[in-house]
2 protein chains.
Amino acid sequence: MPKASGVRVMGIDPGTQATGFGVIEAAERLLTPIAWGVVRSPPRAPLAERLKAMSDGLREAIATYRPAIVAVEDTFYARNVKVALTLGQARGVALVAAADAGLEILTYPARTIKQAVSGYGAASKDQVQAMVAHILGLEEPPRPPDAADALAVAICHCHTSTMQARLQAAQ
Amino acid sequence: MPKASGVRVMGIDPGTQATGFGVIEAAERLLTPIAWGVVRSPPRAPLAERLKAMSDGLREAIATYRPAIVAVEDTFYARNVKVALTLGQARGVALVAAADAGLEILTYPARTIKQAVSGYGAASKDQVQAMVAHILGLEEPPRPPDAADALAVAICHCHTSTMQARLQAAQ
């Protein structure tokens, strides 16, 4: 993997069963993939145990890859109340893992992430994952999909902050 | 406050703005209130910061009052998806704070809590809070209400486990 020295950004895609993470380094216009993967929870364990495993795994990934910034999808809706409760629990745990590490945390709406990665706010999951591979110079979409989704959030952050920096420079 | 030596149970009522906690000690049939209060989050801070404040405060309360068991309300429904996401976030953080401390965690449905405290599964919030005061020998309902709700969950756990122990002894 090429070596870059820039800002390290970790995208996180929180879930109760599997939480995706993806770390990229942004230097100038170059985005370099550093690592990606998922933290899996013991599937039939009680909820608190699953959430603790997710918290531990995420803290470990943060300690290993030392990002400066964490980017997470903004969540305003879910299929139903049950899904929202589950998603909220995982998301709360992920946010505290990042906050405890003293990291800067930014959140982006799903539409903004799709737009940033594929140029189209209503892109399909497959389109987003193919574009993640393309942007990061990978031969195929990162696996598992949760990790690719996490990388998409990280890419979104890098594009957005580059754009903001250019706008500020132009003013 | 009378001194009891039994099992210490902390009830938790998680919320993003204020998280209630209530600690009681159960010895034989006697329930002794030890401490109660709320952890408040900085109201206009970003979500991750509010959740971290809640996590820190709860970890501190656990370290101070050293419960052996934590009881939390089971949540299966919420007014809408937005409320469910918010509630889920706070609940996930509370569960991991308890799990990280190595505590036993039990959850009880809202109806079971109301039934255990007031004898009536559809009791009003005021009725539950008045009964919490009565059961714990307090002159008035504990304030703020989030703390009283947390004490109700702790009482529910004590009643339920006493009942189970009696059933086991009878068999």
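**Entry 1. How the copies meet**

I looked up which surface each copy uses in this predicted model. Of the interface residues of chain A, 100% are also interface residues in chain B, so the copies meet through the same surface. I then superposed chain A on chain B. A rotation of 180° does it, with 0.0 Å of shift along the axis and an RMSD of 0.0 Å. The two copies are thus related as by a two-fold rotation axis.

**Entry 2. Extent of the interface**

I looked up the contacts between the chains. I find 26 residues of chain A in contact with 26 residues of chain B. Together the two chains bury about 1,900 Å². Carbon and sulfur atoms carry 74% of that area.

**Entry 3. Polar pairs and the elements involved**

I checked for charged pairs next. The rule finds 2 salt bridges across the interface of chain A and chain B. I noted one that joins B:K52 to A:D100. Its closest N and O atoms lie 3.0 Å apart.

I asked which elements of chain A give two or more residues to the side that touches chain B. They are helix 1 (47–65) and helix 2 (81–100). Helix 2 of chain A gives the largest share, 13 residues. By class, I list 15 nonpolar, 6 polar and 5 charged residues on this side of chain A.

**Entry 4. A:G92**

I stopped at A:G92, which sits in helix 2 of chain A. Is A:G92 buried or exposed? Its relative accessibility is 0%, so I log A:G92 as buried. Leaving out residues up to four places away in sequence, I find that A:G92 touches B:L51, B:Q89 and B:V93. I also took a distance within chain A. The C-alpha atoms of A:G92 and A:S55 are separated by 9.9 Å, and the two residues are 37 apart along the chain.

**Entry 5. B:H157**

I moved to chain B. B:H157 lies in helix 5 (residues 145–170). Its relative accessible area is 5%, so I log B:H157 as buried. What does B:H157 touch? Not counting residues up to four places away in sequence, I list B:V9, B:I69, B:A71, B:L106 and B:Y108.

**Entry 6. Cis peptide bonds**

I looked up the peptide bonds. A cis bond joins A:R143 and A:P144, with omega about -10°. I place A:P144 in the loop between helix 4 (125–136) and helix 5 (145–170) of chain A. In chain B, a cis bond joins B:R143 and B:P144, and omega is again about -10°. B:P144 belongs to the loop between helix 4 (125–136) and helix 5 of chain B.

**Entry 7. Positive phi**

I looked for positive phi outside glycine. A:R66 has phi near 45°. I find A:R66 in the loop between helix 1 and strand 4 (69–74) of chain A. With a relative accessible area of 65%, A:R66 is exposed.

I then turned to chain B. B:R66 has a positive phi of about 40° and is not a glycine. B:R66 sits in the loop between helix 1 (47–65) and strand 4 (69–74) of chain B. Its relative accessible area is 66%, so I log B:R66 as exposed.

Note on methods. Residues numbered from 1 in each chain as written. Chains lettered and ligands numbered in written order. Predicted model: local features only at pLDDT ≥ 70, side-chain atom pairs only at ≥ 80, totals over all residues. Heavy atoms only, no water. Least-squares fit on C-alpha atoms with pLDDT ≥ 70 in both. Contact = heavy atoms within 4.5 Å. Helix = DSSP H or I, 4+ residues; strand = E, 2+ residues; numbered from the N terminus. Buried < 20%, exposed > 50% of the residue type's maximum accessible area, 1.4 Å probe, protein only. Buried area = accessible area lost by both parts, 1.4 Å probe. Salt bridge = Lys/Arg side-chain N within 4 Å of Asp/Glu carboxyl O. Nonpolar A, V, L, I, M, F, W, Y, C, P; charged D, E, K, R; others polar.
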